[in-house]
Amino acid sequence: MPLVFTGFRAAFGSIAIFAAVAQAPYQCASEVDPDRRVYEDPSEALYALAERFKASGDRRAQVDTLRFLVERYPASRFAQMARQDLEALGEAGAPAERPPGDGSR
């Protein structure tokens, strides 16, 4: 009788492991469509903060936030928008665009 239970446990264990592994692709992270995302990425939040500073008339805070955004997240689409905003504001010291993967953060 114990032999039957041992075989059952081995079969059940194999099935349980297979079931867990079969679900793995559904658990792995993937790129989420920005329109369906339920959170903001940091560069988006910084850009929104800069826009709030602009609306309140705090130009210095707006420029500082845009500069930080470009320095911290240079490959972000919001960094490109921030660079354009800095140029439009006449900020000569706007950080230059860095090539992706240059190791800078």
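**Entry 1: alanine 79**

I began with alanine 79, which counts as buried because its relative accessibility is 0%. I keep in mind that this is a predicted model. Alanine 79 sits in helix H5. I then looked up its contacts, leaving aside neighbours within four places in sequence. Alanine 79 touches Leu69, Val70, Tyr73 and Pro74.

**Entry 2: H3 and H5**

Next I turned to how H5 packs. Two packed helices are described by the angle and the distance between their axes, so I looked up both. Helix H3 covers residues 42-56 and helix H5 covers residues 77-88. Their axes come within 9 Å and cross at roughly 25°. Angles under 35 degrees count as roughly parallel, so H3 is roughly parallel to H5. I noted the crossing of H3 and H5 as left-handed.

Which residues meet here? From H3 I listed Ser43, Glu44, Tyr47 and Glu51. From H5 I listed Phe78, Met81, Ala82 and Asp85. By class, I have four nonpolar, one polar and three charged residues in the contact of H3 with H5.

**Entry 3: aromatic rings**

I searched the whole structure for aromatic pairs and found one. Tyrosine 47 and phenylalanine 78 form this pair, which is tilted. The ring centres are 5.9 Å apart, with 40° between the planes. Tyrosine 47 belongs to H3 and phenylalanine 78 to H5, so the pair ties together parts 31 residues apart in sequence. Are these two residues buried or exposed? Tyrosine 47 and phenylalanine 78 are both buried.

How values were computed
Residues numbered from 1 in each chain as written. Predicted model: local features only at pLDDT ≥ 70, side-chain atom pairs only at ≥ 80, totals over all residues. Heavy atoms only, no water. Axes fitted to C-alpha atoms, helices over the stretch in contact; angles between N-to-C directions. Helix = DSSP H or I, 4+ residues; strand = E, 2+ residues; numbered from the N terminus. Parallel < 35°, antiparallel > 145°, perpendicular 65-115°, else oblique. Left-handed = near helix turned anticlockwise from the far one by under 90°. Contact = heavy atoms within 4.5 Å. Nonpolar A, V, L, I, M, F, W, Y, C, P; charged D, E, K, R; others polar. Phe/Tyr/Trp six-rings, centres within 6.5 Å; stacked < 30°, edge-to-face > 60°. Buried < 20%, exposed > 50% of the residue type's maximum accessible area, 1.4 Å probe, protein only.
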